[in-house]
Amino acid sequence: MMLWVYAVIVLCFQLLGVESDDIDIATDDCMGEAMAHAVQAYLSTQEEGIDNAGSLQQQEEEGQSEKKTTKIGVISANPEQSKHLETATMKVYDQEIDFVNLRSEEYTDTTSRIPTMQFGTPEEDAYRRDFTINSLFYNIMTNSIEDLTNQGLQDLQAGLIRTPLPALTTFTDDPLRLLRAVRFASRYNFTLDAEIITVGQLPCIHEALQHKISKERIHKELVGCFSGKLARPLAAMHLIQQMQLFSVLFACPSMSDLQKQHATVDASFSAVCVSSKRRRQVGHGGGVIKAEQSGSDITLEHILSTWQV
């Protein structure tokens, strides 16, 4: 079994002069949870040994023993929340580490950004990533950085955001990566590759961004572009304008969408009103809502204004 450490986040931040403790460990032939248990078991055998300070029991009594690992937590895959892969997490000597497996991806559904995944080679894992600067590995077997796309290191040094595969393929598969490109470039003063700008202007990519990505995911990326210590909102807006994304990202909802939203809100208020009325009649002996209305007549203001203690 070959063991790899994703060093890209650490490398990016070190190059930018920003500290980071983000470490992922990936294996090529087992799931992350299995690897985390193997690491925990190995370190536990080290705790059972005897060193120059005496037995482990003596060290514990003297307050000298240090817990090497914590309990392993497993974060299940949840594609709807953009979590495509099961991840195991554990603290090793107070350092938070995530354990995953190397994988390859295949996008078989043209209406979804959720891929099918399977075990992959290091090369497959590198080329499935969004940008070359995010495809660097640190091989702890050889103590060396692995740049399997042969572009990651030079792009990192040049401050260039580029995709390992053709940009059209990368953004057709997952259009949200276009906003990730804006976030990385604007936050860290990097330059978008000309191919990204060109592909980002294509109507087919705009349509994919509208129909394959939820409003919530778009909102989260925009918050990352416009807020935070390293955010450069004007730079982000300039890139969005360059790719003609304003009408896509900030479009007013259609009348049918507004009507559906209005109906959903009204139904929610109605349910809150009825539920609250029943609860207070049963549990508080006399405290009730004065007026009884239902359906679209119920508003949040009405619920608040008619509530009596």
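A disulfide is a covalent bond between the sulfur atoms of two cysteines. Cys225 is buried, at 1% relative accessibility. Cys204 is partly exposed, at 45%. Here buried means under 20% relative accessible area, exposed over 50%, and partly exposed in between, with a 1.4 Å probe and protein chains only.

The model is predicted; local features need pLDDT of at least 70, side-chain atom pairs count only at pLDDT 80 or more, and totals for chains, interfaces and linings use all residues. Residues are numbered from 1 along each chain as its sequence is written, and side-chain values use heavy atoms, without hydrogens and water.

The chain holds 14 helices and 11 strands. These are DSSP runs, numbered from the N terminus: helices are H or I with at least four residues, strands E with at least two. Of the 309 residues, 40% are buried.

The largest nonpolar core has 33 residues. Such a core is a set of buried Ala, Val, Leu, Ile, Met, Phe, Trp, Tyr and Cys residues joined through side-chain atoms within 4.5 Å. Ile161, Phe171, Leu192, Ile196, Met243 and Leu249 touch the most other members. Helix H7 (176–188) is among the elements that give two or more residues to this core. H7 gives the most, with 8 residues. A second, separate core of 11 residues includes Met35, Leu43, Met90 and Val92.

Beyond its neighbours within four places in sequence, Met243 has contacts (heavy atoms within 4.5 Å) that include Leu178, Val182, Leu192 and His206.
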